[in-house]
Structure formats: C-alpha cells, structure tokens
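Trainee: Before we set anything up, could we go through the contacts and the backbone of this assembly together?

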Amino acid sequence: MSSLAQRLRGRSELGVCVFLAGLGALVLWDASQTSRNLVQRGPVGPTAIPIGIGIALIVLAVLLARDVLRGGHGESETGEDVDLSHPSDWRTVLLLIAAYLVNVALIERLGWPISGALLFWGAAYALGSRNFVRDPLIAFGLSFLSYVVFARQLGIGLPPGILEGII
Amino acid sequence: MDALSDLLNGFATALTPVNIAYACMGVILGTAIGVLPGIGPSMSVALLLPLTFGLDPTAAFILFAGIYYGSMYGGSTTSILLNTPGESSAVVTAIEGNLMAKGGRASQALATAAIGSFVAGLIGTALLVFTAPIIVEFAVNIGAADYFAIMVLAFVAVTSVLGSSRIRGFASLAIGLMIGLVGIDLQSGQQRLTFGIPQLADGIDVVVVAVALFAIGETLWVAAHLRRRPPDIIPTGRAWMSRQDLSRSWKPWLRGTGLGFPFGAIPAGGAEIPTFLSYVTEKRLTKHPEEFGRGAIEGVAGPEASNNASAAGSLVTMLALGLPTSATAAVMLAAFQGFGIQPGPLLLEREGDLVWALIASLFIGNTLLLVLNLPLAPLWAKLLKTPRPYLYAGILFFASLGAYAVNAQTIDLIILLVIGLLGFMMRRYGLPVVPAIIGVILGPRAELQLRRALQISNGELSGLVDSPLAIIIYVVILLVLLWPLVNRFVLRGRRRGPLEAAAVGARDTDGAPPPGAEDRPRVPADGPAEGPSPDERPPDRDRERP
C-alpha cells in the first residue's frame, strides 16, 4: 500500500482524470434519460453523439491517468505576471470569487452601476490594492461610465437597479 | 473582376464618416486592450464583443475588423517591450523583439513590427479578396459528408498542433464538444444536458464560454500566482527605423507573409507554425547571423508579418467555409451567429454587402493602425504599467458586463464562473484552451453535418466516405494521428533544438499541419517568463512515450 501512496503523492492531476470520467458518466447518464420513442428524423438520433462523446471522455480519462502514473504531467501555464515558485495563493482566489459572487447577487437588485463597482473594488482589494480613496473612485467611475456608454449609448441591457430614473 | 467591384461596393459602405469613426474606435480600443499584458487577441475580441451588441451588423463588423487588427498589433507591442506574448502566435516575435528592446532598439523593433504587420495585412487581405470567392465556388458543391470530414480535420489538427500533449489536447476538445451539446437538439427537439434548467435550453452562448475560458480562467490563474513585483518595462520613443533597417526588413516581411497566409487558411492551429518557420528561415538567410540571439531585426520582421498574414488567411476559411482555424476566428464566428448570420459558403451570397464591407474595413483598419501606431507607441507603452490589481479587476469587470449583456440574465454569470473555474483547472494542468473553444463552436455543426450525411446514405456508414474529397481528408487525418508513431520509430533519439525541431516537424509534412505535437517545443500560451533561449528544451518532452 505504501508504494501506492507514494505513487499517488503529488499526482493531483489524477483529479483531472476523475473529473473527465465524471463528465463522461454525466453525459452518458443524460443520454440514457433522453426518450428515443419520439419521432426521429434520420437514422441518427439525439443520443448517438452524446454517447460517443461520453465514451470519449471516459477513454481520455483512462489514457490521461495512465500518462500521469507513468510520470507525465501537464505544464502549468506561465506568463509575466505568473510566479510559479510559490504555492497557489488560495486566499486571493477565494476573495476574488467572493467579489464576483457579490456582483452576481446584487446586479439585479442594486443595478450594474453599484454592483459592478463593488465587483471592481472587491477584485482590486483581493489582488492586493489597498488605496481606500483611489480604488473606490476608479471602481465607481468605471461602472457609471460603462453603464452610460453601454446601456445609454449602445443600447445594451444593463440593469439600472435602484438608480433607475436617476442616471 | 467581380470581386473587385464587390470590394469597391464594400468600400462605399465602409467609408462613410460614421463607419470610419467606428473603424478608428475599433483600432484604438483593440490596440489599447491588446497591449495590456496577458490579454491576447482572442481575449480582446471576446471582451470587446459586447460593444457590438447594440449596433447594426455592418457597423458591428467594421468595429470588429478594427479591434481584430488592433489587438494583434497591441499584442506584439507587449511582446517586444515586456516579453509577455499574450498569445502563442506572438511568442516568436518576443524572442528577438525583446532582445532588440533590451539592446536599446525598441523603436526599431516596434517600427518593423508595425510596418511588417501593415504589409502583411495588406497583401493578406488582398489575397483574401481573390481566394475567398474561389473557395466558395468550390465549397457550395461539397456535401455534408465532406463537411463533416473537414470539421474532423479541424478538430484533430488544432488539437495535435497546440500544446505539448495530445491526450490533454483531446481532453480539452472533448470538454468543448460536451459544452456544445447543452441545449435542445434541433433535429429531435430533445433536451440534452439541460438538467431541467430552462435557461440552458438554448444552449450555452459561445461568447460566455470564450470569455469564461480566456478572461475568467486567466484572472483566477494569475490571482493564484500573482508576481508581487513590478515588471521591467523598457521605455520607448516613437517607432521609427533607418534606411538600413528597412532594407533588412522588407524581404523578411514578404517571406513571412508568404508563409503565414497559407498556414492561416488551413486548420493547423493558427499562427504558431508559420511564425516559427519564418524565424528559422530568417535565421538561415540573414547576412547578420551573429545578431540572432542578441536582437536581430529580421527575427522580428518575418514572424510578425507571418502572424498578421496568417490572421488574414484564417479569415478566408472563416468567411468562405464558416470554419474557424484560430481562437480569434472562432470568437468572430460566434459574433456572426450572434447577429443571426449563418456562416458557411452561402455567406458571401446571402450577406455579400456585409462581408465585403467587413473586408474593406480590414483594409481601412490596417491603414489606420499604421498611421496611429507609429507615433503612439510611447503612449501604448505606458499602458503596460497599469497596476496589476486594476488590470485583473478590470478584466473581471468587463467579462461580467459582457456575459450579462448577452442575454441579460444572471444565470449566465454563474455559468461564466463555472466555466472560468474549468479554465483555471485547464491552465493548472496544462490542458490547452483553444481546442475547447473550437469544440464548442464546431461541435454542434459537425453533428448536424454527420446526421445529414447519414440521412442521405440511409444510415450506411459508407456514406461518410463516398466522395474523393472526404477520402483524401480522412487520409490526411490518419497521417496527422499516426505521426507520433512514425516519429518514434524513424526519428527517435535525435535530439534537436526546439526551433529546428519545429521547422523539421512542419516541413516534413509539406504544408500539412505538423502533427508531431511531442516533437515541437512547448509553446506556453502565455509565453516564457524569462528571456526564451532558442536552446531551451522542454524537460518532459518524452512524456507520452512509454
């Protein structure tokens, strides 16, 4: 067992295999739920392709697992702003997702000018910006400006929310 | 010439003051967004797509043409001054371009890139004018089985060419195909993968998928590994070049264009291969071999022209066949569909005015780009100093805005986040993003063609290979797929520098996509962080071999 544990260490990539296999199973399950009795046009029904893709996902999961267990690993993406010498900074990622979800929750209640500003401010905060004058100024400036340009000038449906009639 | 008079009509549409203003706006916005580090042309195009939602199609595509060329040029500015190619196609420009900039020749590098892009864009767009109608004429006669074969070729080629591992490429493609399944199957009316959520019945919008994979995935990935020091940016003056630089540049421009255009037009993963080929060619032909590795102007001029020409080439396949061969073309195709315009060989006939106006505005955008960017280079360089928290907060902000604007429903924001997390995982584990995008866009159409073909043949699988064209395409696909075996037994053990390997790998197939993914250097989607040396070897080159 210890050799198995050893082989599994540092192989979080196997999680990707599980994920792919899970997707494959999901697609196959969904295909099995689709009724085939309805009028079908042509010899290929609505489930043929999903079944093919589901099987492909599972086969790829197995092939990838084989590759990983043999020592292969996918190279993480690099970039000028990316420093892979440190472990993943989960706090920043979670704060960023929190800021994102604030916008999701508030966009239809308070409207884009406010929720968008909170999104920007929150994201900038999550990424380490701590200027409590400049950050909100930029955030609200950007969201009001984007609302005016997109919703007013370009006719794109952004919700004005509680500021309806004011801006 | 028919094409010429159509083109003149296109110019008549595009040259109204309002439309020129849209073209200007597109070029400036495209360059400004493309210059921002970490944002490549496809992310720029996806992020700026919502701008066009409220416009009529003609204005929207004129704006789009400007954004397209602008963001490509912006990307090369970033590569040269910061060594941060926003997309793999700009990696090669970064090699010599950044070295030139470090050696105090940033202005010349930017000038040869700008003028080279202009020359390549001009020739490439002109070739587009004449080749697109010919391909359409050929394409209207090919059947569903042939279309299916071409799309399978696109899947296999894009997947084999990008990234370093085929398994991971195909995994990405399968994920994309799965996302493409979501929604009501148009032929049977059955819901697939909708899980009873009514908003999923129409499928997941391609714009949402593209923005999620590129913008959200990238932002989360950078957030997890943010470098906490300011990057080194090389200051620059106006872009200019001497007569000597010009005489060293013009041949590489033309050669780069010649390499880039055909590669862009075939489904082979966009500009990666031609830019590498152009680099290697210029290195061989140069009269100043000692400058390569220390900033040779030929090494910027050739690849940059090649990059732009391949962009023009990819428009041929996109406009004539409705087949995207690069991520940017895929996003543009999504924009077409967003306007209810069906891509394919009938596009030129049905929407001729629109397409010719788009092509005319490519010429206009290309010219505006040159006029604006030579003097504005120092201004663009300043954008590189944008504080990273604001930069990535801004990406998140505009990504949310764009995704919400597609259908004005909050659930799209949830889907955006979920697929964004998927993009994060793909970056973490080295799954290339582009095959997934191509899968989402082409998957449903490939299924349609397959079902049509089998309907015609009454369910006989032989109906898929009953035309010479389809057979030829399947042979090419087999060659692409079997290439690693040939490689393993014939070329095994020969250790080469990656650039040479790329050149050989690509040349051996004589114009077809070089399939030996393992044989090619890993081209990180965001480029090497430190100065890439041509001799840098990917450490796990043999990873898929037992």
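The questions and answers that follow concern a predicted model.

Trainee: How many helices and strands does chain B have, and what share of its residues counts as buried?

Mentor: The secondary structure of chain B comes to 20 helices and 2 strands. Its accessible surface is about 18100 Å², with 64% of that belonging to carbon and sulfur atoms. Of the 546 residues in chain B, the share that counts as buried is 68%.

Trainee: Among contacts in chain B between residues at least 6 apart in sequence, what percentage joins residues at least 24 apart?

Mentor: One pair that links distant parts of the chain is the salt bridge between B:Glu447 and B:Arg192, whose partners stand 255 residues apart. For chain B as a whole, among contacts between residues at least 6 apart in sequence, the percentage that joins residues at least 24 apart is 80%.

Trainee: What area is buried between chain A and chain B?

Mentor: The size of an interface is often given as the accessible area lost when the parts come together. Here 79 residues of chain A are in contact with 88 residues of chain B. Carbon and sulfur atoms give 67% of the area buried between these two chains, and that area is about 7400 Å².

Trainee: How many residue pairs are in polar contact across the interface of chain A and chain B, and which elements of chain A give two or more residues to the side that touches chain B?

Mentor: Across the interface of chain A and chain B there are 13 residue pairs in polar contact, counting pairs with both residues at pLDDT 80 or more. The elements of chain A that give two or more residues to the side touching chain B are α2, α3 (48-69), α4 (90-106), α5 (112-126) and α6 (134-153).

Trainee: Is B:Asp245 buried or exposed, and which residue is its salt-bridge partner?

Mentor: At 3% relative accessibility, under the 20% cut-off, B:Asp245 counts as buried. With N and O 3.3 Å apart, the salt-bridge partner of B:Asp245 is B:Arg105.

Trainee: Which residues are linked in a network of salt bridges with B:Arg192?

Mentor: B:Arg192 forms a salt bridge with B:Glu447 at 2.8 Å between the closest N and O atoms, and both residues are buried. B:Arg192 belongs to strand β2 (residues 191-192), and B:Glu447 to helix α18 (residues 434-456). Within the network, B:Arg192 is linked with B:Asp185, B:Glu447 and B:Arg451.

Trainee: Where in chain B does B:Leu193 lie, given its positive phi?

Mentor: Most residues other than glycine have a negative phi. Phi of B:Leu193 is near 55°, as is phi of B:Phe195. At 3% relative accessibility B:Leu193 counts as buried, whereas B:Phe195, at 44%, counts as partly exposed. B:Phe195 lies in the loop between β2 and α9, and B:Leu193 lies in the loop between β2 and α9 (206-224).

Technical notes: Residues are numbered from 1 along each chain as its sequence is written. Chains are lettered from A and ligands numbered from 1 in the order in which they are written. This is a predicted model: local features need pLDDT of at least 70, side-chain atom pairs count only at pLDDT 80 or more; totals for chains, interfaces and linings use all residues. Side-chain values use heavy atoms; hydrogens and water are left out. A salt bridge is a side-chain nitrogen of Lys or Arg within 4 Å of a carboxyl oxygen of Asp or Glu. Buried means under 20% relative accessible area, exposed over 50%, partly exposed in between (1.4 Å probe, protein chains only). Helices (H or I, at least four residues) and strands (E, at least two) are DSSP runs, numbered from the N terminus. Contact means heavy atoms within 4.5 Å. Accessible areas come from the Shrake-Rupley method with a 1.4 Å probe; for residues, only the protein chains shown count as cover. Buried area is the accessible area (1.4 Å probe) that two parts lose on being put together, summed over both. A polar contact is a pair of N or O atoms within 3.5 Å; within protein, one must be able to donate a hydrogen and the other to accept it, and residues adjacent in sequence count only if both atoms are side-chain atoms.
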